[in-house]
Amino acid sequence: MEKLLEVKNLTKVFTMGSILSRVRLTAADDVSFYIKPGEIFTLAGESGCGKTTTAKIILGFEEPTSGTIIHEGKDRAETKGKKVWQEEGIQAIFQDPFGTFNPLRVVDRYFFETVQNFKLAATKREAIDVIDETLRLVGLSYEEFAGKYPSEFSGGQLQRVSIARALLTKPNLLIADEPVSMVDASLRMSIVNLFKRLKEEGNLGVLYITHDLATAYYVSERIAIMFRGNIVEIGPVEKVLMEPKHPYSQLLRESIPEADPTKRWSKRIVLAETEEEEYMRVGCKFAGRCPHVMNICKEQAPKDIDVDGVLVKCYLYNGTSATPRQ
Amino acid sequence: MRILKDLFRDYRFFVSLSVLVIIVVMAILSNFSPYDPTLWNVVPRDTKPSAEHWLGTDSNGQDIFWQATFAVRNSLIISLIASLVSRAIAIMVGMIAGYKGGTTDRVLMFAGDSLLVIPIFLIMVMLAMMVREFMNLVVLGLMLSFFGWAWDARLIRSIILSLRERDFTKTALLSGTGTVKLVLKEYIPFATPLIFSTLINNIAWAIGLEMTLAILGLVNLNIPTLGTMLNWALFYQSILLGRWWWILTPVVLSLCLFVALYWMSVSISEYLDPRTRIQRVGAQ
Amino acid sequence: MTFVKRYLIPRLVQYVLVIWLGITFVFLIPRVTPNDPVMRMIDQMQARGSTLEPGTMDEIIRDLTEMYGLEGSWLDQYWAFWGRLLRGDFGVSFFQFPTRVNKLIFTAMPWTLGLLLTTTAITWTLGNIIGGLAGYYSRKGWSRVLDAVAMIVRPLPYYIFAFMLLLIFAYVVRWFPITGGAPLGAIPTFTWPFIKSVIWHSTLPAVSLMVLGGAVTFQTMKLLVQNINAENFVQYAKLGGVKEGRIVGKYIIRNALLPQITGLALGLGQIFSGALITEIVYGYPGLGMLLYRAIVNGDYNLIMGIVIFSIFGITTAILLVDLTYPLFDPRVRYT
Amino acid sequence: MNETILRTEGLKTFYILDVFGTQKIVKAVNDVNLNIRTNEVYGIAGESGCGKTTLLKALAAAIEPPLRLVDGYIFYYVDGKAVDVATLSPEAKRKLRLDYIAYVPQGSMSALNPVIKLKETYQDFISSHVSGKTKEETIQLAEQHITELGLPPKILDSYPHQLSGGMRQRVTIALAALLKPSIIIADEPTTALDVVVQRGVVQLLMDIQKRLKNTIILVTHDMGVQANIADRVGIMYAGKIVEESTTEKIYGVPQHPYTKFLIDSLPQFGDKSTRQSVPGSPPSLIDLPSGCAFHPRCPHAMGICTEQTPDLITLDTDHKVACWLVGGEHGKTA
C-alpha cells in the first residue's frame, strides 16, 4: 500500500520553566499514523491533546524529540537543511483566517511571493494567470481579490483564499489545523465540501485536524482520536465514530450535541479537575475518569490492540480475539 | 492623506506641528545669520530687545535671536543623532532578541534592563567628564544614543515575540519567504508606529539631557545649544542683573519644544493605538 | 517553592548581576576613554596653584592610581578595585582634602534621602488616587482640566521646571528661600524651629519633584483605570449588581495599581536623577549638590563614590519595590 | 401555559458611533418583540454579527453608550407586575441584578477579578444584595451553594488563574444562580470550551433550571447545543428575529429559508450525503439590504422581498415567521 505521509513513533517533550524549575510535558507520545494519497485523514481530540503539536512537527515548525516522518518515501531527517516549507509537496492552512494573513498587508502579496519564491511563473502576466486559475478552484477570481486587505473579506471567503494560497504550489498534502472552528457554522460546509472536491478532483491528501467530529465523519475516510498526547483509537470513521471502542472515544462521541431535539443528553458525566494531572498520569491517561477502570490501567500504559480493523489503546480489549500490533 | 486629515482633528497635533514647524524654520534660518556664532563681541553687549536685535544681545556680545537659531539647530542635530542611532540600536536588538530567543535574547535583554535600572545619568556625567575635550555634536549625540535604546528595544522585542507566534508568520514561511524578508515585510510595519512615537519622545529626552549636561558644564560650551545658552546666561548672572531677555529665550524655546514634541507623540500614539483612539471617539 | 524558584531567585540573581555590570562600567570608563584622569587631576591642581604638602600629594596620587588603576594588569586592577569597594573605602575627596569621600556622602545623604522618600511616597499615593478618580470619572469636567494640566507639565525636564518655580516663587514673589537646605550656620537639632526651617527650605524642591512625578503617575493611572474599567471582569461585576464603591476599590484600583508598582520600580532611577538635578537648582545640600561641586572641581574620587553609591542604592530600592509586588499579585505568588 | 417574565416591544438598540467625524449607525437590534415565559429555556441563535449579544445586553438592562435604546420597551415582570426597565434608576437596576436577573458571561477567562480569591468574589456579589450577614456567614452560604451544585468547595480558596476554563465557567454559572434569580441570561457560555467540558457546563445549567424552575435565556450560535437544551428557539438574522418556535418545530418543520439552511448545513452522524452552506455572507449591520435583509442570499427571493420587510407573523400557536413565502394572503396584501 502506498503511503503519502507516514508518521512513526513521534514524541515531543516540552520542557518549560526556568533552569531552576523544569517541568516536562509530553505533548505527543509515540504517535504513529499514515495518510494515503488523495485521502482525508482526521486527527481529532480536545484542546491540548497534542494534535496541533503533531501538525507543527510535520510542517517543520517544531523539531520532534524522537520519531520519524516520511513524506513520499523520503525520511525527513535525511533531507536536512531544507525546511518543509521550502518544498512544494506540503502546504498548510490555519484555524483563524484573519490570523493567517498580516492585517497590514494586501492579501495578494502572499500569492505573488509564493509564485516568485517557488518560481511558478516568469512574468507578472503569467503569475496573475496562475493565481487566477488557483482562485477559481476555490470559487473566487483574481478580480474580486486583488488589492484587498484581509479585513475586506468575510471569514468564509478568507479561509478559501487561504486554501487557494496553499494550493498554488500544487501540493499533494494539505495540513488543515482546525480550518472551520472560527468560521460560522452556516458557512462551514463550503470549506469542508471544498476539501472533498479537491481530494476527488486533484487527488489531494488532507490531514484534517479538528475537534468537530461531525464534520470529520462527513468528510474523512479514517480518523485518529487523540487524548493527552496519545492516539487512543484509530480506524475508519464509520467504525470509530459510529461504534467507538475506547471509553474516551465513547465519551467524546456522546458529548457532541446533535442538532436534533429528540437526541438529548441523558447520561451525566464527570469532568477532569485539571489537565496537568492527566498529562502527568502513569498508565492510561484516561484512568481517572474512565467508568471501566481496572487496576492495570493505573500502572502501565496500554498498547495498541487491533479490534476489527480499529487500533485501540485499552485493556478492555485484551484477551479478545484481537492481537497486539507489532 | 486621510491619516493627516484624521490627525488634524486633534488640536494637540495641530498645535504641536505648528510649533515644530516654526522651530525647524528657525533652525534653517541659522544658515542666513549675519554673525558668526563662535566669535565674541560681534554686537554691543547686554542691550534690550529692539528693532535691530529682536531678542536683545547677551554679555558675550552676540545677537540672541541669531544665537538662538544656532542653538536650536545644534540641539536638534544632537537629538536627531541620538534618537536615530538609538532607534537603530533598539530595532536591531529588539528584532534579534525577539526573533532568535533563547540565550541571545536573555543576554540582550539583560543588557537593556541594566541600562534601565542603573542611574545612567550619573554614568553619563562620568563619561562626559572623561571626554570633555573631545565633546562635539556628534560625540554627544552618540553618547546619548548609547544610553537611550533600552526601553524601546524591549517594546520592539515584545511586539516581535507576539508576532512570531501569529499564524501569518507561518503563512509567509510556507510562501517561501526568507527570515530577513519576513522580519522586514511582516514585522516592521507593526513596529513602525511605535518606533515613530518613541522617536519623538527620544528627541525630547536627548534635548533635555543635553541641557542638563550643559548646565553642569560637561559639554563644549563654545558650541551654541539650548543648554549652553542657558549655561552662559546663568554664568553671567542674567537673572540677578535683570537681563530677562537672555535667560528667557532658551527657557521659552525649550518649553515650546518639549510640550510640542510630547503632544505630537501623544497625539500620534493615540491615533495609532485603537484602544485609546476608541476612547476618544467614544466607540465600543 | 515555585515562587522562590521562579520569582525570588531570578530577581536576586539579576540584582547581583546588574550591580556587577554597573560597577564594571564605572571601572572601565576612565580606562577606555583617552584621558589619564590622574595626570589630568595633577595638572589641574598645579594650575590652580594648590599649596599641598608633598606628602599629601603622594597620598592623592597613590589613591588615584589605585582607584583608576595604573599598576598591574587590568585584571589585577579590577580585583583591587572591588577589594576597596567591598571594604567600603572610596578614598579621599580632592577638593575637600583630606575628608574621606564616605564622610561627604554620608553627610549629604540624609538630605537627599529625606527629600526623595517623602516626595516619592506623597507623589505616588496622591498621583494614584487622583489619577484613579480622574480615570473613573473621565467624562467629568475636573478630570479633563487635570488632564490638560498634566499634558503641559509632563514633558518638562526636571531642570527647566525647577528653574521656573525658582524664578517665580523665589525671585518674583519671594515666598521661599532661594537656596540651601537650612539657614546658613544653623546647627542641625531636633527642635521645632530647625525642622520648620528645613521644611521651609525644602518646599520648593519637593513641590517641583512632586508636580513632575505626580503628572506621570496621574496620567498612567488615569489611562490604566480607563482601560480596566472596560475589562470583562469589571463589566461582569457591574452586571452582577456589585456596589459601585466596591467595584472601584477592589476591582479597578487594585488591578490598576499592579503596573504602577512595576512603574515605580522602573522609574526610581529617573526620579533619583531628577532629584539630583533639582537639588542643584535649589542649592539643596544633598547628593546632587555634592555631585555638582565635585564636577565643578573635577573631583573624580568623589564623583566615582557618588556613582557607585547610587548604583547600590537605586538597584537595592528597585529590588525592594519588586519584592513587594507578589504581595499584590497572586498570579506571581502561585504559579 | 406559563406566565410572561420578560417582554420586549418593538425594541431597537443601535450603536451610534462617531468615527473621526462621520456618524455610523450599527442597527444591532432592530424591532424585536420577545415574550419570554417563566420556567422555560429560550434559545437565541444566529451567525456571528447578527446582533444576538447586543440583544442580550439590552435584556440585561445594560445599555451604555455608544449603544442606545432608540425605540421600544423592555418589561421585567417582578412579582407579577410589569416594570419598564428604561425608567428604572441605576440603583434600582443594580438591585434587580443577580437577584431578579443574573448574567453568565461569554469568556469566563477574563470575567473574574484576577487578584482576589473566588470566595471574595462571592462575598462581593452576596453582600451587595443581602444585608445583615457577616463575612463568615456569606462564605458559608457560598460554600453550601457550591456544594449543592456538585462543585468542589475548595475552589473558593483559589484564584481564577488556578482553575481550568471549564471550572471557571461553571463557577460563573453557580454565581449567577446564587440568589435564585427569576431569569438567568447566558451569552455563549459554551463557546471555546471542549465538547466534553461543554457538556458539563450545559449539564450544570440544566440542573439549575430544574431546581429553580426559572427562565434561562441562552444565546449561542451552536445549533447542537440549542437543540439539546432549549424549549423555544428564536432565530436571529441581521438584528431581527426571523423565526421563533418550539425547538421541535424549529428543527422539525423550519419555515424561514434561513432557518432551513442553518439546520440543513449541519452534518449528522450516520449520514454522509452532501450538505451545503448558506450561500453568500452575512450582511453588515451598518449597511443593511433593503426589504428582507436575507433576500441577497435567498434562493426564493421575489420582487417584494427586495422592497418590503416582512412582519413576524404567527403561523399556528407558538410558531412565528417573518418571510413573504409564508402566511399567504397576509403577505400579498401588505
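**Local features of the predicted model**

Helix α5(C) provides the largest share of the nonpolar patch, five residues. The structure is a predicted model, in which local features need pLDDT of at least 70 and side-chain atom pairs count only at pLDDT 80 or more, while totals for chains, interfaces and linings use all residues. Residues are numbered from 1 along each chain as its sequence is written, chains are lettered from A and ligands numbered from 1 in the order in which they are written, and side-chain values use heavy atoms, with hydrogens and water left out.

The patch lies on the surface and is formed by C:Ile122, C:Leu126, C:Ile129, C:Ile130, C:Leu133, C:Tyr137, C:Trp142 and C:Leu146, which together have about 660 Å² of accessible area. Such areas come from the Shrake-Rupley method with a 1.4 Å probe, and for residues only the protein chains shown count as cover. Patches are made of residues with over 30% relative accessible area and no salt bridge; like charges are joined within 9 Å and nonpolar side chains (Val, Leu, Ile, Met, Phe, Trp, Tyr) within 5 Å. A salt bridge is a side-chain nitrogen of Lys or Arg within 4 Å of a carboxyl oxygen of Asp or Glu. In chain C, α5 (101-136) and α6 (141-153) each supply at least two residues of the patch. Helices (H or I, at least four residues) and strands (E, at least two) are DSSP runs, numbered from the N terminus. C:Leu126 is found in helix α5 and is partly exposed, with a relative accessible area of 47%. Buried means under 20% relative accessible area, exposed over 50%, and partly exposed in between (1.4 Å probe, protein chains only).

In chain A, A:Lys313 belongs to strand β12 (residues 310-313). Its relative accessibility is 13%, so A:Lys313 counts as buried. The side chains of A:Lys313 and A:Asp304 are joined by a polar contact of 3.3 Å. A polar contact is a pair of N or O atoms within 3.5 Å; within protein, one must be able to donate a hydrogen and the other to accept it, and residues adjacent in sequence count only if both atoms are side-chain atoms.

Backbone geometry was also examined. A:Asp30, in strand β2 (residues 23-35) of chain A, is not a glycine but has a positive phi of about 55°. D:Asp318, also not a glycine, has a positive phi of about 70° and sits in the loop between β12 (313-316) and β13 (319-321) of chain D. The peptide bond from D:Pro65 to D:Pro66 is cis, with omega near 5°.
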